[in-house]
Amino acid sequence: HYRVLLFSIAYRMTGSASDAEDLVQETYLRYQASASQEIVSLKAYLTTIITRLALDYLKSARVAREQYFGVWLPEPILTSEGSGFPLADLEQQEAISLAFLRLLEALSPPERAVFLLHEAFDYPFSEIGVMLEKSPANCRQIFHRATQALQDKRARFEPKPQRQRQLVLSFLSASQAGNMAALTSLLAQDTVSWSDGGGKAQTHLKPIHGQQAVARFWCFWLSQARKNQRPLTFTLAEINGSPAILVWEESNLAVVISMALSAVGIQEIYALVNPEKLAYLQKQLSSSSERSSFES
C-alpha cells in the first residue's frame, strides 16, 4: 500500500531509481523482521525506515560521487501517464526534475531529508524529528537553512507543456541541421550544458558554458549523429516531468537529452550517456508505448 510513497522518498533522496528500488525492498525486509512489534502508525514507521536507509546510502554515496568520473547527474525516469512510475502523481513537477534533483546534491544528507519530507511530502516537523531523532525546532532550523541554500537557484518559470515540447523539437531540428543561428536563438545567454558519461561513454568531463559554446557543441554532435553508420532513432518522452529527447541505436537507449527552461529560453541541458544510468529507464520504456518515434 505504501510502496509508491516509499519509492518516491527514496528516489528523491538518492537521485537513483535503481537504488531506490533496493531501499524499498530493504525497508520491506526490515518491516517483516519487526512484525512482532506493536506499530502505532505503519506509514510513519515505514517512512522512518526508508529515510534512515537513504541517509546511510547518501553518506557512502557522497564519497563515490566526489570521485565520479566527470559530471554526476541524477538517474532519469519515465513519468508519463501509464508509465507505471508513481512520482508524477505525487507532487509538483519541479520536485522531480533533473535540475532540481541536481540542486539537492548541494545539501547535506540531513538537510536533504528534512527539506524533502516537509516540502515534498508535507510531514510536520514533529514527525520528522522522530524519524531523524532530532527536535522539531532543530528540524525547522535545518529546513530554513536548506531553503536558503536553494532559493536563488530554484526555477522561477515553467512554460506550458506544449511550449516545452515545441522548444525541445526546435532544439533537435536546429541541432541536426547544423543551424547555429536558429539554435542560438533558443538558448539563454548563460545557458549550461552538462554531460554524464561516468567514464563508460565518451563525453565532456566539464559543463559547457555560454550560448555560443553550447550551440556549437550541439550543432556538431547532433549533425554528426545523423551521419552515423548505424542509423539513430530519436523519440520524445516525458522524463522527470518534462519532454526529453531519447536517442536510440537500434533497440539500445544510448542518450537522454533533457532540458531546464526559463523565460528567456533553454537554461540548462542534461545529456545522460552513462549506460548504467539508462538501464532503469530502458526497462520502463520496454513495458510502455513510449517508442512512437521520428527517424533521424
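Predicted model: local features only at pLDDT ≥ 70, side-chain atom pairs only at ≥ 80, totals over all residues.

**Entry 1: M13.** I began with M13, which counts as buried because its relative accessibility is 2% (buried means under 20% relative accessible area, exposed over 50%, partly exposed in between, with a 1.4 Å probe and protein chains only). M13 lies in helix α1; helices are DSSP runs of H or I with at least four residues, strands are runs of E with at least two, and both are numbered from the N terminus.

Residues are numbered from 1 along each chain as its sequence is written, and side-chain values use heavy atoms, with hydrogens and water left out.

Which residues is M13 in contact with, leaving aside its neighbours within four places in sequence? I found T51, A54, L55, L58, P109, R112, A113 and L116, with contact meaning heavy atoms within 4.5 Å. For A54, I also looked up the C-alpha separation from M13: 6.3 Å, although the two are 41 residues apart along the chain.

**Entry 2: the cores.** Next I followed M13 into the largest nonpolar core, which has 45 residues. Such a core is a set of buried Ala, Val, Leu, Ile, Met, Phe, Trp, Tyr and Cys residues joined through side-chain atoms within 4.5 Å. M13, L104, V114, F115 and I128 have the most contacts inside this core. At least two of its residues come from each of α1 (3–14), α2 (17–33), α3 (42–66), α4 (98–104), α5 (109–120), α6 and α7. The most come from α3, with 9 residues. I also noted a second, separate core of 30 residues, with V214, F234, I245 and A254 among them.

**Entry 3: α6 against α7.** How do the axes of α6 and α7 cross? Helix α6 (residues 125–132) and helix α7 (residues 136–151) have axes that come within 8 Å and cross at roughly 100 degrees. The axes are lines fitted to C-alpha atoms, for helices over the stretch in contact, and angles run from 0 to 180 degrees between N-to-C directions. The two helices are therefore roughly perpendicular to each other (65 to 115 degrees; under 35 is roughly parallel, over 145 roughly antiparallel and the rest oblique). On the α6 side I listed F125, S126, I128 and G129, which meet P136, C139, R140 and F143 of α7.

**Entry 4: two loop residues.** E133 sits in the loop between α6 and α7. Its phi is positive, about 60 degrees, although E133 is not a glycine. E133 counts as exposed, at 66% relative accessibility.

E250 is in the loop between β4 (242–249) and β5. E250 is not a glycine, yet has a positive phi of about 60 degrees. Its relative accessible area is 65%, so E250 is exposed.

**Entry 5: S262.** Is S262 buried or exposed? S262 is buried, with 16% relative accessible area, and belongs to strand β5 (residues 252–262). Its side chain makes a polar contact of 2.8 Å with that of Q267. A polar contact is a pair of N or O atoms within 3.5 Å; within protein, one must be able to donate a hydrogen and the other to accept it, and residues adjacent in sequence count only if both atoms are side-chain atoms.
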